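Here are my notes after a pass through this one. Have the structure open while you read, and start with the rings.

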Amino acid sequence: MLLTKNISLFRSERKIFENINLSLGSGKILGLKGKNGSGKTSLIKTILCILEPTSGSVFWKGKNLEKNLYDFYNNVTYIADKTSSLTKLSVKDNVNIWKKFFISN
């Protein structure tokens with residue numbers, strides 16, 4: 001389970017988002033909707049530990065994400081934009097290709 005607890009992100013005194021609490025169970029899909037520049041990508045990057053939150057914490061399977069990154073990245077797939085995917089393949093096929101880059105047998 002993925003859990004965010006009061007995560008906030010500020011950049012140069014500008015509030016991007018504040019006090020976001022989120023709980024997402026295994027096998028669930030979450031859609032983010034909002035205007036351009038509203039903080040959707042920043043929120044995703046914060047949840048993925050690409051950006052560090054100004055305050056708050058992200059948890060994976062009950063543990064602070066910073067202490068559990070290996071397990072987290074082995075169980076989560078993030079496709080950033082259309083240019084990182086092959087348009088001739090299905091979403092599932094694209095995910096499987098990217099998994100091969102990051103998971104070794």
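Predicted model: local features only at pLDDT ≥ 70, side-chain atom pairs only at ≥ 80, totals over all residues.

1. Which kind of pair do the rings of tryptophan 60 and phenylalanine 72 make? Their centres are 5.2 Å apart and the planes sit at 75 degrees, so the pair is edge-to-face; the cut-off for that label is over 60 degrees. In the chain, the pair links distant parts: tryptophan 60 belongs to strand 3 (residues 55–60) and phenylalanine 72 to helix 2 (residues 69–75), twelve residues apart.

2. The other pair. Phenylalanine 72 also pairs with tyrosine 73, at 5.5 Å centre to centre and with 50 degrees between the planes, which makes this pair tilted. Tyrosine 73 has 39% relative accessibility and counts as partly exposed. The count of aromatic pairs comes to two, and these ring pairs tie Trp60, Phe72 and Tyr73 into a cluster.

3. The nonpolar core. Phe72 turns up here again: the largest nonpolar core has 13 residues, and Leu2, Ile7, Phe17, Ile47 and Phe72 are the ones touching the most other members. Strand 1 (2–11), strand 2 (14–24), helix 1 (40–47) and strand 3 each put at least two residues into this core.

4. A closer look at isoleucine 47. What does isoleucine 47 touch, leaving aside residues up to four places away in sequence? The list is Leu2, Thr4, Ile7, Leu22, Val58, Leu65 and Phe72. Leu2, Ile7 and Phe72 are also among the core residues named in the previous point.

5. The fold as a whole. Zooming out, the protein chain has three helices and four strands, and along the sequence they run β-β-α-β-β-α-α. Among contacts with a separation of 6 or more, 44% join residues 24 or more positions apart.

6. Surface and burial overall. Of the 105 residues in the protein chain, 21% are buried. The chain exposes about 8100 Å², with carbon and sulfur atoms supplying 53% of that area.

Key
Residues numbered from 1 in each chain as written. Heavy atoms only, no water. Phe/Tyr/Trp six-rings, centres within 6.5 Å; stacked < 30°, edge-to-face > 60°. Buried < 20%, exposed > 50% of the residue type's maximum accessible area, 1.4 Å probe, protein only. Contact = heavy atoms within 4.5 Å. Areas by Shrake-Rupley, 256 points an atom, 1.4 Å probe, with all protein chains shown as cover. Core = buried A, V, L, I, M, F, W, Y, C linked by side-chain atoms within 4.5 Å.
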